[in-house]
Every structure is written in C-alpha cells, then in structure tokens.
Amino acid sequence: MSSSSLVRPGLTTAIIGHLPAIKSRLRKKVPLLSFQDVRRARIPFYEALASELYEGGCPNAAFLMLQLIEFEHDHVPPTSDPAIEEKRLKNSKNLLNFLYKSLRAAEGHKNEQRYADEVEHLLMIGRSFLDDERKRWIARQFFLIALDRCEDCQLEGSRIGTLGKYYYGSFLLEEEILDEAVQMLESAEGWARGKSWPLDEGKDIFGSQLLIGEIYHKLFLAYSAMCERYKLTDAKQFDLYIQLSHEAAIKCKIRILSSEWTT
C-alpha cells in the first residue's frame with residue numbers, strides 16, 4: 001500500500017500532503033472541539049495539559065502538575081465513593097484547568113522576573129484549596145513553594161513574603177500544628193513590625209496596619225491554644241503563654257483602633 005493511499009480512521013482524505021483537508025474534515029465531524037481538544041482526547045487529560053505547559057515554555061509548571069498528581073496517588077488512599085474519586089486531580093477537569101491556567105500565569109511572572117507577582121499567584125492558588133478538606137494538602141504544598149520562592153528571590157521581609165508566612169502560619173494553626181504555627185506567625189510579626197506598606201486598592205493584599213493586626217490576632221489564638229496544651233502539665237509554660245496571649249490581644253486591639261482612626 002502506498003503512503004498516498006493511507007487514511008485516518010473515520011476519514012476519507014489521505015494523510016500525506018492533505019493535512020489542511022484532514023483538519024477541515026475533522027472539524028466538521030467534531031465541530032464543538034478545538035484542535036487542542038482533539039489532541040487531548042487521545043491521551044489522559046492531565047498528560048495533555050502538562051505537555052502543553054512544557055511546550056509553552058512552562059516546564060516547572062508542567063512538572064509540578066505531574067508531581068501533585070503523583071503525590072495524591074501515593075498519599076491519598078482511594079475510596080469507593082465515585083463522587084470523591086472524580087474530584088481527584090487526575091480525574092477532575094475543573095481542577096486541572098484551574099491549575100493549568102494558574103501555574104502558567106505564575107511561571108509567566110517568573111519568566112518575566114516579576115517575582116513578587118509570582119509568589120502572590122502561588123499564594124492565591126494555595127488559598128483556593130483551603131475550603132476543601134480533601135484538598136488542603138495542595139494548599140500546604142503551594143504555601144511552602146511560595147515561601148521557598150521568597151527565599152530564592154530575596155523577598156524575605158517584604159510584604160508578599162510576610163503574607164506568605166501569615167497564610168502558612170494560619171494554615172498550621174487551623175491544622176493544630178501549634179509549634180510551627182507560632183514560629184511562622186512570630187516570624188511574620190517580626191517582618192511586619194514597623195513597616196509602612198500602602199494598601200493596594202482592589203487587591204486581596206493587606207496594608208501594613210491591617211496585616212500586623214491580623215497577625216497579632218492569629219498569634220493570640222495560637223498562644224491561647226498553647227495555654228490549653230500546658231495548663232495541666234507545665235505551669236511555667238502555661239504562665240508564659242498566658243502572658244504572650246495577653247500581649248498579643250492588646251497589640252491586636254491597638255492596631256485595629258489605629259487602622260480605624262487612619263481610615
């Protein structure tokens with residue numbers, strides 16, 4: 001059989017030399033699909049998206065998507081509930097599309113050396129998974145990646161770096177990982193203390209007064225939880241955290257009043 005007589009399954013146009021005609025005929029057969037959608041239908045959706053990220057100049061995003069899917073496969077046991085299984089990363093087109101667009105945007109910022117915007121985008125991705133109990137592990141991964149990028153790009157002490165520590169510290173507090181939460185929030189407080197950052201209109205970024213007030217509030221909650229831990233076992237530690245929680249509450253109130261006065 002000559003190459004000119006070869007045909008695609010379901011098509012009547014020879015492949016060699018007739019690619020435009022094949023595409024046109026294929027479009028008529030599947031008019032609601034783009035050519036990228038046709039490509040994606042041949043392999044698992046997540047593999048297609050990862051390939052497009054890689055070929056589009058976002059190799060880090062591509063590998064991260066695959067690593068997240070692999071992590072979920074290795075560490076999140078399967079269930080017998082189809083409604084839960086269809087929300088796994090490799091099965092959920094909504095989650096995969098969100099990651100595809102978000103990771104591409106984050107790496108775009110990185111490629112253009114807008115590192116603060118990159119970190120802000122990574123934090124946004126992480127925060128978007130906080131409300132789903134089964135996906136909070138993804139939030140943790142992105143908070144850690146954002147903090148690593150702050151270190152890589154010398155953003156320690158900046159507003160976005162402080163926000164990263166605040167968000168991750170708040171996450172740890174909710175997970176009741178108290179020692180790490182206290183350490184992270186105290187570090188954020190140290191970075192925010194005495195800083196003057198403008199409040200960006202229309203962006204989900206705290207200005208300096210509001211940010212440090214929120215940090216003191218979380219520290220109060222963390223110190224109070226530490227009090228509960230030690231109240232029956234270690235009187236010295238209990239007294240320490242009682243004092244720290246009291247100081248955090250006072251500072252939080254002062255900052256809130258200061259913020260209200262300036263606005």
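Gln-113 sits in the loop that links helix H6 (93–111) to helix H7 (115–127). In this predicted model, the phi angle of Gln-113 comes out near 60°, a positive value in a residue that isn't glycine. The residue is also out in the open: with a relative accessible area of 58%, Gln-113 counts as exposed.

Gln-183 has a relative accessible area of 56% and is exposed. Along the sequence, 18 residues separate Gln-183 from Lys-165, while in space their C-alpha atoms are 9.5 Å apart.

Stepping back to the whole chain, the picture is helical: there are twelve helices and zero strands. Read from the N terminus, the order of elements is simply α-α-α-α-α-α-α-α-α-α-α-α. The chain has 263 residues, and 39% of them count as buried. As for contacts with a separation of 6 or more, 52% come from residues 24 or more positions apart in the chain.

The axes of helix H4 (residues 59–75) and helix H8 (residues 136–152) come within 11 Å of each other, crossing at roughly 140°. H4 and H8 are therefore oblique to each other, and their crossing is right-handed. On the H4 side, the residues involved are Leu-64, Leu-68, Phe-71 and Glu-72, and they meet Trp-137, Gln-141, Phe-142 and Ile-145 of H8. Sorted by class, this contact between H4 and H8 is made up of six nonpolar residues, one polar and one charged.

That leaves the cysteines. Searching the whole structure for disulfides turns up zero. Cys-58 is tucked away from the surface, being buried with a relative accessible area of 5%. Cys-227 is buried too, and its relative accessible area is likewise 5%.

Conventions: Residues numbered from 1 in each chain as written. Predicted model: local features only at pLDDT ≥ 70, side-chain atom pairs only at ≥ 80, totals over all residues. Heavy atoms only, no water. Axes fitted to C-alpha atoms, helices over the stretch in contact; angles between N-to-C directions. Helix = DSSP H or I, 4+ residues; strand = E, 2+ residues; numbered from the N terminus. Parallel < 35°, antiparallel > 145°, perpendicular 65-115°, else oblique. Left-handed = near helix turned anticlockwise from the far one by under 90°. Contact = heavy atoms within 4.5 Å. Nonpolar A, V, L, I, M, F, W, Y, C, P; charged D, E, K, R; others polar. Disulfide = S-S within 2.5 Å. Buried < 20%, exposed > 50% of the residue type's maximum accessible area, 1.4 Å probe, protein only.
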